[in-house]
Amino acid sequence: MRAVVQRVKNASVSVDGDIVAKIDAGIVVLLGIAQDDTVKDMEYIADKCVNLRIFEDGQDVMNLSLKDIGAELLLVSQFTLYGDARKGRRPSYIKAAPPEDARDLFEQCIYIFRERCDRLQTGTFQADMDVALVNDGPVTILLDSRKEF
């Protein structure tokens with residue numbers, strides 16, 4: 001499982017012009033699900049996301065987590081995080097979970113994230129989404145449950 005974590009001042013997801021999710025200050029997590037991801041991968045990513053110390057404390061040091069400050073989290077499924085563009089010009093998505101499996105895994109992820117963060121919003125799985133955000137910092141962190149990078 002892969003995640004791009006962005007600290008934001010605000011963010012929203014729209015589908016067909018309608019806002020389906022919106023947060024104020026917090027983090028946006030773009031989540032890529034692989035074919036062989038398990039609950040262990042989901043728990044690793046969820047724990048990392050809510051406990052990453054990427055918010056400033058009173059001394060302007062990134063020492064606080066989303067959980068520490070009670071900020072919001074926007075979780076968006078994004079299969080393209082498993083795009084492999086090392087060969088040629090068209091990315092291969094062979095490692096990404098097929099949509100029917102990924103949907104179930106994403107629903108499980110939502111449940112796992114909700115156990116750790118009660119201020120959770122989500123995008124719409126397999127929809128053509130417009131994601132708008134104001135990156136704060138900017139702070140952007142890449143995570144991989146298999147620690148491939």
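User: What sits between β4 and β5?
Analyst: Five residues separate them in a hairpin, and D60 in the turn has a positive phi of about 60°. This is a predicted model, where local features need pLDDT of at least 70, side-chain atom pairs count only at pLDDT 80 or more, and totals for chains, interfaces and linings use all residues. Residues are numbered from 1 along each chain as its sequence is written, and side-chain values use heavy atoms, without hydrogens and water.

User: How many bridges join β4 to β5?
Analyst: Three, between residues 53-56 and residues 62-65, running antiparallel. Strands pair if DSSP finds at least two bridges between them; strands (E, at least two residues) and helices (H or I, at least four) are DSSP runs numbered from the N terminus. E56 stands opposite M62.

User: Which residues touch the most others in the largest nonpolar core?
Analyst: V5, I27, L31, L73, L75 and F113, out of 32 members. α3 gives the largest share, seven residues. A nonpolar core is a set of buried Ala, Val, Leu, Ile, Met, Phe, Trp, Tyr and Cys residues joined through side-chain atoms within 4.5 Å; buried means under 20% relative accessible area with a 1.4 Å probe, protein chains only.

User: Which residues of α3 are buried?
Analyst: A102, L105, F106, C109, I110, I112, F113 and R116. Their cover includes β3, α1, α2, β6 and β7.

User: What span should α3 have?
Analyst: At 1.5 Å a residue, its 18 residues should span 26 Å, and the end C-alpha atoms are 25 Å apart, which agrees. The expected span is 1.5 Å times one less than the number of residues.

Notes
Buried < 20%, exposed > 50% of the residue type's maximum accessible area, 1.4 Å probe, protein only. Contact = heavy atoms within 4.5 Å.
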